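Here's a friendly walk through one protein model. Take a look at the structure first, then read on.

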Amino acid sequence: MEYSVSQNFHPECEFSISKIINLELHASYVYFTMTYYFCHHNMALKHFSMFFREQSEKKKEHAEKIIQYLIKRGGHPVLENILKSEVEDWSNSLQALEEALVIEKAVNEDLLALYDKAKEHEDPHLCGFLKSELLDEQVKIIKLLGDYITNLKRLGMPENRSGEYIFDKYTLGENCQISP
């Protein structure tokens, strides 16, 4: 006799959740790579390094939270190989933040698509989880990255590299909490 706690949990939603888990882990890995890129002696942007480490940790926490939710609903996470970033040397912090924005928008699009699938398959529990645990946070990080990109451009990036240092020291220096 097969026993399952799964109820009203459509396989299409379960598959999409696994896709999002893997996307979150990929984002965490890319941010982890950025952490040590900006820590390197020829970059020496300590607060950018700390910012990306913080983002890496948040993405890993999201993946764990989603896995726990999936298991609670009776699903099985399908973990894939984590793809490395297509970029390994960012020319500057502006390029790294723009890459981060692309990643966050991709995660957000997949979350919104999953939300629509959950509504289509009449799964209010999944809709509630997505709204309360993930979607709001995605909006916040997309806005934050957009603000950071705008401010770096106002400081003359990418041409004016001293603006990068000023941003690192005075903007990120006030907001970062995790040390590298």
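Patches are made of residues with over 30% relative accessible area and no salt bridge, and nonpolar side chains are joined into one within 5 Å. Keep in mind that you're looking at a predicted model.

So which residues form a nonpolar patch on the surface? They're Y165, I166 and Y170, and together they have about 330 Å² of accessible area. Let's zoom in on I166, which sits in helix α5 (residues 161-175). Its relative accessibility is 40%, so I166 counts as partly exposed.

The largest nonpolar core has 27 residues, and the ones touching the most other members are M34, F38, F48, F51, F52 and L97. The elements that each give two or more residues to this core are α1 (11-39), α2, α3 (93-120), α4 (124-154) and α5.

There's also a second, separate core, made of 22 residues. Among them are I17, L25, I66 and L70.

What does L97 touch, if you skip residues up to four places away in sequence? The list is F48, F51, F52, L145, Y148, I149 and L152.

Next, find S56 in helix α2, which covers residues 46-72.

Note on methods
Residues numbered from 1 in each chain as written. Predicted model: local features only at pLDDT ≥ 70, side-chain atom pairs only at ≥ 80, totals over all residues. Heavy atoms only, no water. Helix = DSSP H or I, 4+ residues; strand = E, 2+ residues; numbered from the N terminus. Patch = residues over 30% accessible without salt bridge, like charges linked within 9 Å, V, L, I, M, F, W, Y side chains within 5 Å. Areas by Shrake-Rupley, 256 points an atom, 1.4 Å probe, with all protein chains shown as cover. Salt bridge = Lys/Arg side-chain N within 4 Å of Asp/Glu carboxyl O. Buried < 20%, exposed > 50% of the residue type's maximum accessible area, 1.4 Å probe, protein only. Core = buried A, V, L, I, M, F, W, Y, C linked by side-chain atoms within 4.5 Å. Contact = heavy atoms within 4.5 Å.
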